[in-house]
Amino acid sequence: MRKLLPYALAVSAPLCTLLPAPAAHALPATASTAVVARDFNSCGYQPKSALRLRSGPSTKHTKLGMLYPADSISGDGAKGAWYRVSLQDRSKSGLKSGTTGWVARSGLKPQVCMQLD
């Protein structure tokens, strides 16, 4: 057994460098700049009316396209009065499913979850 221990350590040491680093650095530095995903409505959101999807959290950022009340989106981040959202399905304006951008929080309404037993 004593002869195998140095061999096992020599073989396993290089493998440790292949493991991913802990994800602690992935969280934002301050809670004021982003909202944790659990704080968002798990059923998603819908625009109250036609809403511009932007590349960043202000009106100064480029418009990516339009969202309409029939579009379903999910939120995963926030900065000030803006939510970072992703399209759950293709939008009515033609944006691809999974497209991510920013919208004004005031233009969204939470979808209602329904549980059927």
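Start with the largest nonpolar core, a set of 13 residues, and select Leu67, Ile73, Tyr83, Val85, Val103 and Leu108: these touch the most other members. Keep in mind that you're looking at a predicted model.

Now colour the strands. β2 (51–54), β4 (73–79) and β5 (82–87) each put at least two residues into this core. Which strand gives the largest share? That's β5, with 3 residues.

Next, zoom in on valine 85 and show its neighbours. Leaving out residues up to four places away in sequence, valine 85 touches Leu53, Ile73, Ser74, Gly75, Thr99, Thr100, Gly101, Val103 and Leu108. Among these contacts, Ile73, Val103 and Leu108 are also on the list of core residues that touch the most other members.

Time for some charge: select aspartate 76 and arginine 84. Their side chains meet in a salt bridge, 2.8 Å from N to O.

Last stop, the surface. Select Val112, Met114 and Leu116, which form a nonpolar patch with about 430 Å² of accessible area together. Pick out methionine 114 in the segment after β7 (108–110). Methionine 114 counts as exposed because its relative accessible area is 70%, and the cut-off for exposed is over 50%. For contrast, nonpolar side chains in soluble globular proteins tend to be buried together.

Notes
Residues numbered from 1 in each chain as written. Predicted model: local features only at pLDDT ≥ 70, side-chain atom pairs only at ≥ 80, totals over all residues. Heavy atoms only, no water. Patch = residues over 30% accessible without salt bridge, like charges linked within 9 Å, V, L, I, M, F, W, Y side chains within 5 Å. Areas by Shrake-Rupley, 256 points an atom, 1.4 Å probe, with all protein chains shown as cover. Salt bridge = Lys/Arg side-chain N within 4 Å of Asp/Glu carboxyl O. Helix = DSSP H or I, 4+ residues; strand = E, 2+ residues; numbered from the N terminus. Buried < 20%, exposed > 50% of the residue type's maximum accessible area, 1.4 Å probe, protein only. Core = buried A, V, L, I, M, F, W, Y, C linked by side-chain atoms within 4.5 Å. Contact = heavy atoms within 4.5 Å.
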